[in-house]
Amino acid sequence: TNMHKQVSLDFLVETIAKALCFERYVAETGIDDPDNMDLSEILIFYEENADIYLTKAYELLVMVKGSEEFITDTVH
């Protein structure tokens, strides 16, 4: 059978937001060695910019799906 997993929209948007924000953090700080990352600094950076990246993540999902009509509590 072809089973679709449901993912909470909030979880998906937050995960994408964190990935986008982390990418920006790495680009701005020039991290070359992942073993030398300060996770507390990364978390602070995300918390300071979360609203921006949550909006960007939502907009990215809408762009990929083509409309806001797919937006429900879960994404399949």
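Partly exposed residues lie between the buried limit, under 20% relative accessible area, and the exposed limit, over 50%. Keep those cut-offs in mind for this tour of a predicted model.

**Stop 1: R24 and E28**

Select E28. Its relative accessibility is 47%, so it counts as partly exposed. Now show both side chains. They meet in a salt bridge, 2.7 Å from N to O. Both residues sit in helix 1, four residues apart, about one turn of the helix. Side chains of opposite charge can pair when their charged atoms come close.

**Stop 2: K18 and E14**

How many salt bridges does the structure hold? There are two. For the K18 pair, select K18 and E14. Their closest N and O atoms are 3.1 Å apart, and the two form a salt bridge. About one helical turn separates K18 from E14, because they are four residues apart in helix 1. Check the surface here. K18 has a relative accessible area of 39%, so it is partly exposed. E14, at 34% relative accessibility, also counts as partly exposed.

**Stop 3: Y46**

**Stop 4: the largest nonpolar core**

Select V13, A17, C21, Y46, A57 and L61. These residues touch the most other members of the largest nonpolar core, which has 13 residues. Two elements each give two or more residues to this core: helix 1 (9–29) and helix 2. Colour the two helices separately. Helix 2 provides the largest share, seven residues.

**Stop 5: N49**

Finish in helix 2, residues 39–65, and select N49. Is N49 buried or exposed? At 18% relative accessibility, N49 counts as buried, because the limit for buried is under 20%. The backbone oxygen of F45 lies 2.7 Å from a polar atom of the N49 side chain.

Terms used:
Residues numbered from 1 in each chain as written. Predicted model: local features only at pLDDT ≥ 70, side-chain atom pairs only at ≥ 80, totals over all residues. Heavy atoms only, no water. Buried < 20%, exposed > 50% of the residue type's maximum accessible area, 1.4 Å probe, protein only. Polar contact = N/O pair within 3.5 Å; in protein donor to acceptor, adjacent residues only side chain to side chain. Core = buried A, V, L, I, M, F, W, Y, C linked by side-chain atoms within 4.5 Å. Salt bridge = Lys/Arg side-chain N within 4 Å of Asp/Glu carboxyl O.
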